[in-house]
Amino acid sequence: MRIRAYYSTAYAPMDVPTLARLSVAAARLQELGLVEFKAPGPFDVARLNGLHSDAYVGAFLNGEEPLASSQGIAWSPAVRDAALAMLGGQLDGVAHALEHGIALNLARGFHHAVRERGSGFCPLNGLALIAHCLPDRRIFVLDCDEHGGNGTEEFAAELPNLFNASIFGTRFGCRGGKRSWAFQVRVKEQGFDDGYMAALKAAEHLVLAHRPDVIVYQAGTDCHHADPKSRVGLRTRDMFRRDLFVFRMARTLQIPLLFVVAGGYQQADQIARLNVNTVYAAHRVFSE
Ligand SMILES: [Zn+2]
């Protein structure tokens, strides 16, 4: 069994280090034969209408500063095209997951982007986009990055079919709110079971309570203990247990799941190793 993974070279422009590292994970997955790659179809920018403000979308598409670079990465046509390609992967990925139960978009979820601008290396919110484009489906975002999903939280307050549970070490403005729940965890102080696993179980209760049609799992790697940004402090084996828990939950509850990789600020090969572990966890659960 090979997992469908959406990816194209447009995702990873080589002159943008935060995006280029996706190519390292893609190469490793290609070698291992764990996934079946597919390039997403072209993304129709009209899908963004009503999600982000017209002023911001116009600025990002056309490179009008300062808004075009508001995410913190200097705008270029390649940066724009990478973001749009990844959004195409989100929509193709969720369609595949709805049909087959599981899919990967080897992209970032862009959880910090808010309606009026980008933020924290996130230009356009690819998690909220799914709820915006599928108004008849209930979308539950389980965000397990080092940083809280403040942008998705803002969108959840507006989109009645979007639910957001964020488990993080660094709050980044994510406090919980309408259809949004925030769990701050420090494994070093609380332990994995009492801290992180307890938060995952609380998120599972929320999934059970809100009965989504799709789970979108953001499998961040910047919460790994060796990451310079990490305050969560997950060891490699903790991260693997996290991934197994999420995939088993979706499989047991028979809720389709799309997963994305998110932040990571270690060496690209170390991030790729953690991304591959997440795919191994998915592979193990969905091959059972
Ligand atoms: Zn992050």
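Me: Helices (H or I, at least four residues) and strands (E, at least two) are DSSP runs, numbered from the N terminus. With that settled, which helix gives the largest share of the lining of the largest cavity?

Reply: Helix α1 does, with three residues. First, a word on the model. It is predicted, so local features need pLDDT of at least 70 and side-chain atom pairs count only at pLDDT 80 or more, while totals for chains, interfaces and linings use all residues. Residues are numbered from 1 along each chain as its sequence is written, and side-chain values use heavy atoms, leaving out hydrogens and water.

Me: Thanks! What makes a space a cavity rather than a pocket?

Reply: Lining residues have an atom within 4 Å of a point. Two cavities of 30 Å³ or more turn up in the whole structure. The largest cavity holds about 50 Å³, a volume being the space filled by probe spheres set on points joined across faces, edges and corners.

Me: How big is the largest pocket, and which residues are closest to its centre?

Reply: The largest pocket has about 160 Å³ of space. Of its 17 lining residues, the closest to the centre are His112, Gly120, Phe121, His147 and Tyr265. The classes here are six nonpolar, seven polar and four charged.

Me: Why is His147 called buried?

Reply: Buried means under 20% relative accessible area, exposed over 50%, and partly exposed in between (1.4 Å probe, protein chains only). His147 has 10%, so it counts as buried. Among the residues that His147 touches, beyond those up to four places away in sequence, are His111, Ser166, Lys229 and Tyr265, where a contact means heavy atoms within 4.5 Å.

Me: How do you know that the side chains of His147 and Asp222 form a polar contact?

Reply: A polar contact is a pair of N or O atoms within 3.5 Å; within protein, one must be able to donate a hydrogen and the other to accept it, and residues adjacent in sequence count only if both atoms are side-chain atoms. The contact joining His147 and Asp222 is 3.1 Å, so it falls within the 3.5 Å limit.

Me: What makes Asp145, His147 and Asp222 donors of the zinc ion?

Reply: Donors are N, O and S atoms within 2.8 Å of the metal (3.2 Å for Na, K and Ca); water is not among the atoms, so sites may look incomplete. Asp145 (OD), His147 (ND1) and Asp222 (OD) coordinate the zinc ion at 2.0 to 2.2 Å. Along the chain their spacing is D-x1-H-x74-D. His147 sits in the loop between β4 and α5 and Asp222 in the loop between β7 and α8 (236-253), so the pair ties together parts 75 residues apart in sequence. Asp222 is buried too, at 0%.

Me: Is Gly33 buried, exposed or partly exposed?

Reply: Gly33 has 32% relative accessibility, so it counts as partly exposed. Its place is the loop between α1 and β2 (35-38).

Me: What makes helix α4 mostly covered?

Reply: Seven of the eight residues of α4 (126-133) are buried, namely Gly126, Leu127, Ala128, Leu129, Ile130, Ala131 and Cys133. They pack against α3 (77-100), β4 (139-143), α5 (150-158), β5 (162-168), β7 (214-219) and β8 (257-261). At the start of α4, a side-chain oxygen of Asn125 comes to within 3.0 Å of the backbone nitrogen of Leu127.

Terms used:
1 Å grid on protein atoms, 1.4 Å probe; cavity = no way out; pocket = protein on both sides within 12 Å on 5 of 7 lines; lining within 4 Å. Nonpolar A, V, L, I, M, F, W, Y, C, P; charged D, E, K, R; others polar.
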